[in-house]
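Here are a few friendly notes to read alongside the structure. Take them one at a time, and find each part in the viewer as you go.

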Amino acid sequence: MDLSPGTASATLLLIFGADRDDQIVARDGHVSVKGSTDLFGLLDADHPHHRLQITRQFLRHKARPNLVRYHYLLNLITEPERNDRVLDALRKLLRGVPGKIINRPEAVLKSTRDEVARRLAGIDGLLAPTVIRLRTARPEAVGNVLAKAGIGFPLILREPGTHKGTTQQRFDDLAGMTAAMTEGSEYFATQFVDYRSADGLYRKYRLFFIGPHAIFRHMLFSDQWIVHGKDRDRFMVDRPDLMAEEQAMFATADGAFPPAIRQVLAAVRDKIDLDYFGIDFGIMPDGRLLLFEANATMNFFSLLPSDQFAYVRACVPPARAAFRELLGLPRAA
């Protein structure tokens, strides 16, 4: 338990943790934990709080922290696919704790890519591509799994628990995909959907749900199907028309989306039982929302861009206000 100076009366607990030691990285006096959100950065730096870091062996320790004093316990362990053991340990640790637990570990454990795709399938106006978990690289077995699921190529392959496209590849046939896989490893295979707009560009939207509030985070453009923050400097920086289109989305806190898209996003919010999470999506030419992913691991601050894109920072004040509300704090003066 980290008890910072001057926080003896703190009633807020931030909870970090990871299944493996290599997920905890210390650098320049700061500790980062993979599989965690950075949303706690919305908290005022001087607000009294304690920090608890747990591991998968945490419950083996005879001495356990007394958590009764905390009014709010903020779970920042958000990646279920690589932290299932530590999340289960946290679930047991929090039994009977009277404070408000934000993003209960039980809910996080149900937010894997395949589970979210299944849960959101059927929402009117939403296209949630099928996501299959593959535990073998043998071509015949993979082919059978895909056939049983009723999906075909092209497919997007990624390793569970990875983000920012670090392990993401698109394949057009079984031979090419299985050649890139390693026996004994796990993968997610997702049906690829071409979501190009009429002008031939790919648009990727991100929205955060914080409590009951929806906060528009960004809109990225690319001439390639995989869209990430680096496309700002690679593709958007010399396109003032695209920058103006993104800036217009900040007219309201939750984005200047048409009513039909807002309705779909509200339905997604109702289906996901997390207190905070982000959603990445595209909009199909026919107006449907195309789900990329919805989980609590998405970073909020890592994509805050340079002064050239300073308008994106408009997302911070409403997000901070929503976060304060989630933690039961009064509105900032």
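**Notes on strands, a helix and a pocket**

1. Let's begin with a pair of strands: β13 (residues 202–210) runs antiparallel to β15, and six bridges join them. One place to look is Ile210, whose bridge partner in β15 is Tyr276. Do keep in mind that this is a predicted model.

2. Now turn to the next neighbour of β15. Strand β16 (residues 289–295) also pairs with β15 in the antiparallel sense, over six bridges. Here Gly278 stands opposite Asn295 in β16. The two strands form a hairpin with five residues between them, and Gly287 in the turn has a positive phi of about 95°.

3. How much of β15 is buried? Seven of the eight residues of this strand (residues 276–283) are buried, so the rest of the structure largely encloses β15.

4. Next, a helix. In α7 (residues 240–248), the buried residues include Leu242, Met243 and Glu246. Looking down the axis of α7, you would find its buried residues within an arc of 100°, so they line one face of the helix. An α-helix has 3.6 residues a turn, so residues three or four places apart point the same way. What do the buried residues of α7 pack against? Their partners are β14 (213–222) and α6 (231–236).

5. Finally, visit the second largest pocket, which holds about 190 Å³ of space. It is lined by 13 residues, and the closest to its centre are His213, Ala321, Ala322, Glu325 and Arg331. Helix α9 gives the most to this lining, with five residues. By type, the lining divides into nine nonpolar, one polar and three charged residues.

Note on methods
Residues numbered from 1 in each chain as written. Predicted model: local features only at pLDDT ≥ 70, side-chain atom pairs only at ≥ 80, totals over all residues. Heavy atoms only, no water. Buried < 20%, exposed > 50% of the residue type's maximum accessible area, 1.4 Å probe, protein only. Helix = DSSP H or I, 4+ residues; strand = E, 2+ residues; numbered from the N terminus. Arc of directions from axis to C-beta. Contact = heavy atoms within 4.5 Å. 1 Å grid on protein atoms, 1.4 Å probe; cavity = no way out; pocket = protein on both sides within 12 Å on 5 of 7 lines; lining within 4 Å. Points joined across faces, edges and corners; volume = space filled by probe spheres on them. Nonpolar A, V, L, I, M, F, W, Y, C, P; charged D, E, K, R; others polar. Pairing = 2+ DSSP bridges.
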